[in-house]
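Please look over the chain shown below before reading on, taking time to follow its course from one end to the other.

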Amino acid sequence: MITKENEEAFLEKMERYTHSMNCVPGGRVSIPAADLLQLVRMAAAGRDAETHQTRHPDDEAIDHFATAMRAKMRRSREKKGRGGWQAAPSAHLTYLLVEHLEKGDPVDVANFAMMLHQNGQNLDKIVVYAYRKAIASVAGSSELTD
């Protein structure tokens, strides 16, 4: 088991070793395999500990969600030939976003929200208003419960 004291002693040993090699040509320097392996493990453990200490769960969730968004966009481009959202009017993107709300996949909704955001557009208020009116008109019908 590597303790903090063991690590410090080992690092001091490596520092002395490094200083003793100052005038030795690079091709003639060799580090014992066990010492090199311990250095690699310590570096990896330090990197993992630093990553877990500094990463907020929100950041982790956003990264995972962005990966899902990216994969869905790629599939739409490659399999369905979709594209051109950069030139799409906000009314069209808003309509697609609202349409996908009903389909239930939050990744699709997020991709349309991303498109609007990247285009510097807001949700089109007329489309949202029309959607609300349509929902209100069927509120008492069986269409909402199916």
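## The chain as a whole

This is a predicted model, and its secondary structure comes to six helices and zero strands, so that, in the sense used here for runs of helix and strand, the order from the N terminus on reads α-α-α-α-α-α. The chain has 146 residues, of which 18% are buried.

Its accessible surface comes to about 11,300 Å², and carbon and sulfur atoms hold 57% of that area. Among the contacts with a separation of 6 or more, 65% are between residues 24 or more positions apart.

## The largest nonpolar core

The largest nonpolar core has 11 residues in all, including Met73, Trp85, Ala88, Leu93, Val109 and Phe112. Two or more residues of this core come from helix H4 (90–103), and two or more come from helix H5 (106–118).

## A buried aspartate

Asp108 has its place in helix H5. Is Asp108 buried or exposed? Asp108 counts as buried because its relative accessibility is 17%, and the cut-off for a buried residue is under 20%.

Not counting residues up to four places away in sequence, Asp108 touches Lys72 and His100.

Notes
Residues numbered from 1 in each chain as written. Predicted model: local features only at pLDDT ≥ 70, side-chain atom pairs only at ≥ 80, totals over all residues. Heavy atoms only, no water. Core = buried A, V, L, I, M, F, W, Y, C linked by side-chain atoms within 4.5 Å. Buried < 20%, exposed > 50% of the residue type's maximum accessible area, 1.4 Å probe, protein only. Helix = DSSP H or I, 4+ residues; strand = E, 2+ residues; numbered from the N terminus. Contact = heavy atoms within 4.5 Å. Areas by Shrake-Rupley, 256 points an atom, 1.4 Å probe, with all protein chains shown as cover.
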